[in-house]
Amino acid sequence: MNKNTIANADASPRKKSALRTLGRAALGFVALIAFAALALSAKPLFSESLDLKKYIVAKADAYQALPVSGPNFKAASRFAHGLGRYYLRGRTAAAIVAAYAELARTHPDYHYVYGEMGWKGGGRFRPHRTHRQGLSADFMTPMLKTGRDGKAVPARPFYNALNLWGYRIRLDGQGRYKNYQLDAKAMIAHLAALKKTAPRFGLRVERVIFDPPLLKLLRADPSFAQLRGLAFMKNQAWFPHDGHYHVDFAR
Ligand SMILES: [Zn+2]
């Protein structure tokens, strides 16, 4: 045995034990994150959710979180809710919840998922460029899938970390993603409900961002007439708005 081999044989167990310690630390870290995610999903640390029945005009501009779920809607991520990423001005949150209540009456078979909103108190909300004033909201695009009888039925796509809670879902030019299809009627009904409820809370829908090629699919639906007067952004935004759409409200 030469000197080198002896040195290697000597270093190797030490290296192995260092790797083992590192492995254990990494595992512990992952377990800690998973535990924090679970805990936050179960009991939000930073979110006080809006209760529409207790809404008062005096608090219209104070920040409130959207409820994590309701009869016909839910947040894309319970974890993000726990982190406090679903805050809006009270009036914006109220208009959104009231729109869901309206839809529960008019279209009880539709179910909606909302996306990112903003921080309590507003300010820079990474990675978004807007969402700073409690007046911007993201919604996941309602989808259909083909049922057993070949008819299209409302789908509930699964939003998780792998598809970045829906933000990585890319629709093709025909509004398709895997076996899902853009549900133009459900999306139009949602925007129409927002347009209707916003003025009750001293707001109006200022602008909607949805990718122009997909907007054509919405315009092709006769129910699009309900959205007359709504402003849609004409150009492509910096980030694809296909798996979700963005709504700016204004006072
Ligand atoms: Zn947005």
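User: What joins strand E9 to strand E10 (residues 180-182)?

Analyst: Two bridges join E9 to E10, and the two strands run antiparallel. Strands (E, at least two residues) and helices (H or I, at least four) are DSSP runs, numbered from the N terminus. The structure is a predicted model, in which local features need pLDDT of at least 70 and side-chain atom pairs count only at pLDDT 80 or more, while totals for chains, interfaces and linings use all residues. Residues are numbered from 1 along each chain as its sequence is written.

User: What is the order of the strands in the open sheet, and which are its edge strands?

Analyst: The four strands are ordered E8-E7-E10-E9 with antiparallel pairing. Strand E8 (152-154) and strand E9 (176-177) are the edge strands, since each pairs on one side only. E7 (residues 143-146) is joined to E10 by three bridges, with Met143 opposite Leu182. Three bridges also link E7 and E8 in the antiparallel sense, and here Lys145 stands opposite Val153. E7 and E8 form a hairpin with five residues between them, and Gly150 in the turn has a positive phi of about 85°.

User: Why is strand E6 (residues 136-140) described as largely enclosed?

Analyst: A residue is buried if 20 or more other C-beta atoms, placed from the backbone, lie within 10 Å of its own, exposed if 12 or fewer do, and partly exposed in between. Five of the five residues of E6 are buried, so the strand is largely enclosed by the rest of the structure. Ser136, Asp138 and Met140 point one way and Ala137 and Phe139 the other, and all are buried. E6 also pairs in the antiparallel sense with strand E12 (residues 244-250) over five bridges; Asp248 is the bridge partner of Ser136.

User: Why does Arg78 count as partly exposed?

Analyst: Arg78 has 17 C-beta neighbours inside 10 Å, so it counts as partly exposed. Its place is in helix H2 (residues 78-83). The C-alpha atoms of Arg78 and Val68, ten residues apart along the chain, are separated by 6.7 Å.

User: What span does helix H3 (residues 90-106) reach, and what is expected?

Analyst: The expected span is 1.5 Å times one less than the number of residues. H3 has 17 residues and reaches 24 Å from its first C-alpha to its last, close to the 24 Å expected. Its buried residues include Ala95, Ile96 and Tyr100.

User: Which residues have the most contacts inside the largest nonpolar core?

Analyst: A nonpolar core is a set of buried Ala, Val, Leu, Ile, Met, Phe, Trp, Tyr and Cys residues joined through C-beta atoms within 7 Å. The largest has 57 residues, and Leu66, Ala95, Ile96, Tyr114, Ile188, Leu194 and Val247 have the most contacts inside it. Helix H4 (residues 184-197) supplies the largest share of this core, nine residues.

Key:
Pairing = 2+ DSSP bridges.
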